Amino acid sequence: MPREQGRKLVASNKRARHDYAILDTYEAGMVLTGTEVKSLRAGRASLTDAFAHLDGHEIWLYGMHVPEYVNGTWTNHAPRRTRKLLLNRREIDKIAGKLSESGVTLVPLSVYFNNGYAKVELGLARGKKTWDKRQDIAKRDADREIARVMGRRRKGMTA
């Protein structure tokens with residue numbers, strides 16, 4: 001059976017981009033059991049309340065919900081089990097240095113399959129204040145209005 005090509009998104013954490021300012025992103029593999037992979041391939045996963053934590057020289061993913069595989073037997077996995085993330089030693093050391101700063105945390109942004117391998121995109125994030133969120137919403141609305149006016153001008157319509 002040929003390996004699938006490209007990138008297939010399974011789950012994304014939209015709340016993380018709203019609540020946090022993403023400073024840097026990393027791609028990590030995950031240590032999974034067979035039924036977890038089958039459940040992920042079916043597109044069933046949730047990243048709400050998920051976070052990553054550095055423990056010694058390893059990074060672990062907590063709180064990601066992968067529901068039990070429907071056709072699984074007694075070998076099914078626990079839905080919210082802790083999963084080990086696979087990164088290079090240099091990347092882990094770099095992340096550890098940045099996590100030592102005050103207010104910086106490691107948040108999963110998305111789970112996807114890249115050329116058949118399950119990956120998670122991690123973001124080094126700093127929490128936003130409410131005024132930051134309001135600023136982002138105002139900027140997005142202004143950009144949308146500008147795009148709307150520019151589209152009308154291109155079509156020859158006057159504002």
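This briefing describes the overall build of one protein chain and then looks at a handful of its residues.

The model is a predicted one. The chain holds four helices and seven strands, which follow one another from the N terminus in the order β-α-β-α-β-β-β-α-β-β-α. With a radius of gyration of 19 Å, well over the 15 Å that the globule rule gives for 159 residues, the chain is more spread out than a compact globule. The domain assignment divides the chain into domain 1, covering 7-127, and domain 2, covering 129-158.

**Overall build**

- The centres of domain 1 and domain 2, taken over C-alpha atoms, are separated by 33 Å.
- When contacts between residues at least 6 apart in sequence are considered, 68% of them join residues at least 24 apart.
- The chain carries 31 positive and 18 negative side chains, and the centres of these two sets lie 6 Å apart.

- L109 is found in strand β6, and because its relative accessibility is 3%, under the 20% limit, it counts as buried.
- Not counting residues up to four places away in sequence, L109 touches S12, N13, A16, R17, I22, T25, L47, E121, L122 and G123.
- L109 and V31 are 78 residues apart in sequence, while their C-alpha atoms are 17 Å apart in space.
- S110 is also found in strand β6 and counts as buried at 4% relative accessibility.
- With residues up to four places away in sequence left out, S110 touches R7, L9, A11, S12, L47, K119, V120 and E121.

**Strand β7: E121**

- E121 has its place in strand β7, which is made up of residues 117-127, and this glutamate is buried, with a relative accessible area of 17%.
- Once its neighbours within four places in sequence are set aside, E121 is in contact with R7, R17, T25, Y26, V107, P108, L109, S110 and Y112.
- E121 therefore counts as buried because its 17% relative accessible area falls under the 20% limit.

**Strand β2: A28**

- A28 is found in strand β2, residues 20-30, and is buried, with a relative accessible area of 1%.
- Leaving aside neighbours within four places in sequence, A28 is in contact with L85, L86 and L87, and also with A118, K119, V120 and L122.
- A28 and N88 are 60 residues apart in sequence, yet 8.8 Å apart in space from C-alpha to C-alpha.

- L47 lies in the loop between α2 and β3, where it is buried, with a relative accessible area of 3%.
- L47 and K94 are 47 residues apart in sequence and 24 Å apart in space, C-alpha to C-alpha.
- D49 is found in the loop between α2 (34-41) and β3 (51-55), and at 68% relative accessibility D49 counts as exposed, whereas L47 is buried.

- Most residues other than glycine have a negative phi.
- Phi of D49 is near 65°, which is a positive value in a residue other than glycine.
- Phi of N115 is near 55°, again a positive value in a residue other than glycine.
- N115 has its place in the loop between β6 (104-114) and β7, and is partly exposed, with a relative accessible area of 32%.

Methods: Residues are numbered from 1 along each chain as its sequence is written. This is a predicted model: local features need pLDDT of at least 70, side-chain atom pairs count only at pLDDT 80 or more; totals for chains, interfaces and linings use all residues. Side-chain values use heavy atoms; hydrogens and water are left out. Domain bounds come from an automatic or database domain assignment. Helices (H or I, at least four residues) and strands (E, at least two) are DSSP runs, numbered from the N terminus. Buried means under 20% relative accessible area, exposed over 50%, partly exposed in between (1.4 Å probe, protein chains only). Contact means heavy atoms within 4.5 Å. The radius of gyration is taken over C-alpha atoms; the globule rule is 2.2 Å times the number of residues to the power 0.38. Lys and Arg count as positive and Asp and Glu as negative; His and the chain ends are not counted. The place of a charge is taken as NZ of Lys, CZ of Arg, CG of Asp or CD of Glu.
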